[in-house]
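Here is a short report on one protein model.

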Amino acid sequence: MAKYFDVSVEDIFNTMEARFRVEGAKGVNAVLAYDISGDGGGKWLVEVRDDSVKVAKTDDLSGFSVKTSADAETFVGVNIGKIDGTQAFMSGKIKIEGDMALVAASAKMFTRYSLPKKSAVTVQGIFDTLVARFQPQNAAGLDISVGYDITGDGGGQWTAVLKDGKCALETGLRDNCAVVNSVKAKDYIDLILGKLDPMVAMGSGRLKLKGDMNVAMQLPKIFAKFEPPKEEEEQELIVIKRNISVDMKYSTGPVMGKFFEGLIEKKILANKCPKCGRMQVPPREVCAECRCWAGDMIEVGPSGTITLIEIIYYSSPDPLTGETRETPYAQVHILLDGIGKEETFWHLLKNEDLADTKKGDRVRPVWSDNRVGSVHDIIHFERIRD
Amino acid sequence: MARRVAVCAVAQTGFVSNMWQKRFQQMCFETVESIVKQTGVDWNEETGIRNIVTCSDDVFDARTISDNGITDAVGAHFRGEEKTAQDGINAIAYAMACIMSGHDDVVLVVGHTKESQTESRNMCSNLAFDPFYCRDLGLDFEKGAALQARAYALKSGISETQLAKAVVNARRNAAKNPLANARELVTIEQVVNSPMLCDPIRTLHAYPVSDGAVAMLLAAEDKYKEYTDKPVWLTGWSNCMDSYFFGDRDLASNFSLKKASAAACKMAGVSDAKGAFDVVEINDAYAYQLAMWAEGLGLCDENKGGEWIESGILETGKINPSGGMLAGNPIMIGGLARAAEAVVQLRGEAGERQVAGAKRAVAQGTTGPAGQHQAVMILEN
């Protein structure tokens, strides 16, 4: 099962009934459908009827109140808080069909999925600390071997050799063990952690002791109690959201300003360097190469030839408005007619031209009817097809 | 011994409250053009300018990595450029280090800020604070200054009249400086009766919103002759950072300025700052700072800044002959403008406000909330 952030899509749905919050679903009568694409995906129906929920994997999603479609990674990421849901929705990675309000409401109907805590204690880990836990003062005069036969997944065989107030650990079982403990790995861990009472374990046959019972009774004194490694609590750290916004008013100055004025008149103006003749569009005050003032304005274009085309499939939201441009869209670099050298202008390409436009194609601007002296006075460039 | 470094020329736009006619690129370019005209320096990569040090602010320029947007205007096309944070006086120090180390012979320094481009400079300096604690509490440089002004007044006992005299002096000097922004004379009564901005800072205690750019050409001692016959030597420099969070520091202690001043004086061989300077340019964005920074610079005794203001020293014309920051330079280049005035004075080119026989000057720059960063530069002719 494909996992994303250590969680599979099935994990999310299999725990959904357990994560249901009756108090968050009061009065809700709805069928939430999920169409999760990609590896580990599938279709699920979640039926919420006031104080009950039923989650079922299905092939038929018909009859839903709201349908959420997403790829498996996005779905898991949003459910466990690794991916911002709003952003995923804005950028089209999550699609919602039907009663949108139910999606927000569903956040109240279910507690967030959290990763099951894995036990950090292993049999090997217990034996790794055995020698360090040896208490020589309680083993004076002992010259014996203690065997451990830990069966099942994660088990193994060890022999603790106690002699001259020292303890050595060997793997495998010695023949001459004074006592041998036989127990399943899981039960052994529970015994060591104090979750399983030794008497109960022996009584039920889950712990078998072979050999000298007197030695067996001394073992808790010979070895200090095992302290499990401290589990790192995965704390949910607070993330604070803020928007940074300072209104600005940009002077355009005498050179760029003329360019914007030109747009109102449906003219594209470049500036020309008096020294090298290079033109810049959009114009700037200075010819960077000659380091001189370049205030002469020349009308260029408005048609030109595409030199570079770039198609954007994933658009980032505008940081201030949160709005995301519809994708795909294309940016084009255009060598405007009359520009002289290689300095290109760049703008957007008409969406209808996206499929078959390439470098070298001829384009012309499509002007807005409401021109105010802004880059949007040109809506986009379109292919000249005649 | 490291090479000595000479300032060969300075250029400043006039400072105004709204340079709406120009983009900041143009402001920069005009100062660079002036430097070229004054010195004949060129852009030959072997013998001319091959490295430019700039100072600008991302938020005021409204673009991240703000220096990228001015490379053409500062002549940095196809060569090295470094941007310094903090006040532009740090850009001079960086350029100075480039030359002292032998890495460069000639370095151009350009700093600019266009405060008027923003809805409010306080909104910008609010962004200098951490994003979820101080920022949410509404701190900005003005509010930070007010806290410091209060702390300083409690400690030193500076009076309303003394604060007003700082502003009166700024305007009197600025009236003789055609580049200054706030040049209208004011009276003590006008200052003490001006509306409270952020108690105890009154409207006239605060520097006006300002736009402008400053450029400076530095050269090594064996190269300066090609560019000027009136070199001004950079003989002392240091800077020091104080704590970022206000709660971690004593706002009235002048800790970082004292450290910076002591180190700069040591480098320049100045044993006692008192009486050591013919020209003093203090980065007084708010009136109390003239007194408080004077103490920090060691120009007067601790807690005596107010008395120092009334000692007659201001009437000599040696303290902030440019008008100081109170007469209006934008944030980020207040210290750079201070150093520029020091150079103009040491070259004997200050016209009506010239301090006769000026030999040694000190320029201070500061940025950050309540003078967190302090820088001191000593210049001599």
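## Surface of chain A

The accessible surface of chain A comes to about 22200 Å². Carbon and sulfur atoms account for 51% of that surface. Keep in mind that this is a predicted model.

How much of chain A counts as buried? Of its 386 residues, the share is 39%.

## Overall shape of chain A

Along its principal axes, the C-alpha trace of chain A spans about 105 × 60 × 40 Å. The radius of gyration of chain A is 36 Å.

## Domains and folding pattern

Chain A is divided into three parts: domain 1 (9-109), domain 2 (123-222) and domain 3 (253-383). Between domain 2 and domain 3 of chain A, the C-alpha centres lie 80 Å apart.

Chain A holds 10 helices and 20 strands. Now take the contacts in chain A between residues at least 6 apart in sequence. Of these, 59% join residues at least 24 apart.

## A helix in chain B

Helix α6 of chain B covers residues 160-174, which is 15 residues. From first C-alpha to last, α6(B) reaches 21 Å. That is close to the 21 Å expected at 1.5 Å a residue.

Is α6(B) mostly covered or mostly uncovered? It is mostly covered, with 11 of its 15 residues buried. Among the buried ones are L163(B), V167(B), V168(B), N169(B) and R171(B).

Note on methods. Residues numbered from 1 in each chain as written. Chains lettered and ligands numbered in written order. Predicted model: local features only at pLDDT ≥ 70, side-chain atom pairs only at ≥ 80, totals over all residues. Heavy atoms only, no water. Helix = DSSP H or I, 4+ residues; strand = E, 2+ residues; numbered from the N terminus. Expected span 1.5 Å × (residues − 1). Buried < 20%, exposed > 50% of the residue type's maximum accessible area, 1.4 Å probe, protein only. Domains from an automatic or database assignment. Rg over C-alpha atoms; globule rule 2.2 N^0.38 Å. Contact = heavy atoms within 4.5 Å. Areas by Shrake-Rupley, 256 points an atom, 1.4 Å probe, with all protein chains shown as cover.
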